[in-house]
Amino acid sequence: MSDIETGFLCLMTRPTEPLFYPKYNGEVFMDLPSEYLLERYQPIAESIRARHGSTAKHHISIKPVELPDLGYTSRVPRYADFNLFNPAQRHTAGQLIADLIAQPDPETLLSVAAYARDRLNPVMFQYALAVALLHRKDTGMVPVPSFLEMFPTRFVDPALFPKLLEEGFVVEQGQRVAIEVPHNATASESDPEQRLAYFREDIGVNLHHWHWHLVYPQEGPLEVVNKDRRGELFYYMHRQIVARYNAERFCNGLPPATPLKNLREPIPEGYFPKLMNSALNRSYPGRAANMVLSHVNRPEDDAVTTILELESTLGKIKEAIQTGFALAEDGTKIPLEAHNGIDVLGNLVENSDLSVNVPYYGNYHSLGHVLIGYIHDPDNQYLEGHGVMGDFTTAMRDPTFYRFHRHVDDVFDMHKQKLPMYTEHELSFPGVSIVDATVQITSGKAARNRLLTYWQRTQVDLGTGLDFGPQGNVVATFTHIQHAPFAYQIMVHNETAERKKGTVRIFLAPIYDAQGEQLLLSDQRRYVMELDKFVVSLHPGENRIIRHSEQSSVTIPYERTFRRIDASNMPGTENFRFCNCGWPDHMLLPKGHPDGQPFDLFIMVSDYKDDAVGSDFNPNENCNDSHSYCGLRDQLFPDRRAMGFPFDRVPAEEDHLLRDFVGRFPNMSRTVTEILFTNTVIART
């Protein structure tokens, strides 16, 4: 690994320690020009070099360069909240991203970032630097560490950290033991919502949400924001999160999340996160049950909004859906057509730079998060920071996240319901039929169409996030849901005399709700979870397709969600290189039930001629394996169909149940699959 790459990694290690403090077990020293040091350290610059530089094996010299004017960053004080849902702070971060991307080469970028790092809000700086590194052509191979590594207090109970520090300081590296993270410790079992804590508070789930927004920032240079089908991905990724959450609720005997469509009613769900906000070194505020939203008037936090403002904005969005067009700033009517309407709406609702008319359609999604995030102190009377709903890294922990996003998804579905039903031509694949489809656990002699979930104990290294803490690896053990590896076997018959190319689409859907009532397809389609999507070549006659769960186009593997603790802390190996955007593999399946929970496994082979967008892509290269939720880097989304096809639109009137729908098309298959939850804990090997 080059000095420049290692230098960027030092910028992203222990983010609130001074940059000159040796990194990676004291082996790397960032040799900064004296004027790059904070005023506190400039008079003792030579002493710092002598003290810290003499013990480090490797020096990285930072050259002085002409610095951009970063005065605008003072709008986000160093020791203050940084909140991407607040428009002014998002503008500041977008400008910082633009300044970093504008640097002529990586060496100059490293110098500018080295100057800025210890002066700026650490969370804003790390966000902007990560976005810049991910999107520049000449730094795309720099590995960006997980946010868990940089700010672990946003993911792990802070009560754990005194134990981690003690273990790290007192015990030699080779003799250290892992510290246990309490399992689902935010509420007692008397709270029904606590049954879903394993999902909402899962580290991998929350990392996924953060990294998706890192890859798809709302503001910044146009080449960074304007990605293929960005607005549709915003809609679809969040729809899938809500669908997965509601499926988990059914597994735990709870009804689906109630849409938070009336912002004037009390919110019955309370939530007390028991996490530390790294920027403030304070705990995230909690929310008592039955609190009521009100205006937010916190100009010092760039958070000013009212319920009426959001209601007005929502009315304009619904008007656009009902009329079939959105109004651009110049009065032009932008049609909300079948092929791009959802993309226009996604950018409009989220309020990205791609919104067709920010002054008119406002900032509905972000200000909704702001309204909920400051419910405990809307006027800053008690000088409290935002709650977890005000932060991308923590928002998914709160039950209101799913209620609010179910409401947002209802708005998107208004548009989908206006689109014509898919025709037989769009759904069929003449000459191709699925003869048989099964799924089976790959270890041992397992029964067909029965999948297994259980608890797993996993270790993660938190050492690189312990600012001013011990060197080396400091390991924590946490418990999460996991599934046994499985594989699909799909028998496809190509009755034509020529080779065909098809797209295999695999979805899972609950059959029954929490009360045991069978779901009609018109409702079930909103709970459908995408498991995989891949391209196959079909020769004439019978084709046997085997596809393993770890190949899923939705997920990223364990090693890319959590750093391997046996990998070197010192950067330099391929183990350090990974892409973070993607649903965590251990959460691919819903939990199921101890008595077995039946699901519909839907498999469809569609005609690739109708799916192709241009050149083929290699799903095994450049982090392309999680494209269903995250798209492809610098490429078109690899599927011309609507995301969620064929379940994104309302079904035909005769398709009351999924079996009715599948029965009309030989290129589709429905298999009842049982997910059995075993309430045992297994350590990761």
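A pocket is taken here as an open set of grid points with protein on both sides within 12 Å along at least five of seven lines. In this predicted model, the second largest pocket holds about 620 Å³ of space. Its lining comprises 27 residues, of which Thr 16, Ser 278, Asn 281, Asp 467 and Phe 468 are the closest to the centre. By class, 17 of the lining residues are nonpolar, six are polar and four are charged. Because domain 1 (3-142) and domain 2 (192-417) both contribute to the lining, the second largest pocket lies between them.

The structure contains 38 salt bridges. In one of these, Arg 154 pairs with Asp 391, with 2.4 Å between the closest N and O atoms. Arg 154 is located in the loop between α6 (147-150) and α7, and Asp 391 in the loop between α15 (364-373) and α16 (399-418), so the pair ties together parts 237 residues apart in sequence. Arg 154 is buried, at 1% relative accessibility, and Asp 391 is likewise buried, at 4%.

A salt bridge also joins Arg 450 to Glu 674, the closest N and O atoms being 2.9 Å apart. Since Arg 450 belongs to strand β11 (residues 450-461) and Glu 674 to strand β20 (residues 668-683), this contact links parts 224 residues apart in sequence. Arg 450 is partly exposed, with a relative accessible area of 40%, as is Glu 674, at 24%.

Key. Residues are numbered from 1 along each chain as its sequence is written. This is a predicted model: local features need pLDDT of at least 70, side-chain atom pairs count only at pLDDT 80 or more; totals for chains, interfaces and linings use all residues. Side-chain values use heavy atoms; hydrogens and water are left out. On a 1 Å grid over the protein atoms alone, a cavity is a set of points where a 1.4 Å probe fits but cannot get out, and a pocket is an open set with protein on both sides within 12 Å along at least five of seven lines; lining residues have an atom within 4 Å of a point. Grid points are joined across faces, edges and corners, and a volume is the space filled by probe spheres set on the points. Ala, Val, Leu, Ile, Met, Phe, Trp, Tyr, Cys and Pro count as nonpolar, Asp, Glu, Lys and Arg as charged, and the others, Gly among them, as polar. Domain bounds come from an automatic or database domain assignment. A salt bridge is a side-chain nitrogen of Lys or Arg within 4 Å of a carboxyl oxygen of Asp or Glu. Helices (H or I, at least four residues) and strands (E, at least two) are DSSP runs, numbered from the N terminus. Buried means under 20% relative accessible area, exposed over 50%, partly exposed in between (1.4 Å probe, protein chains only).
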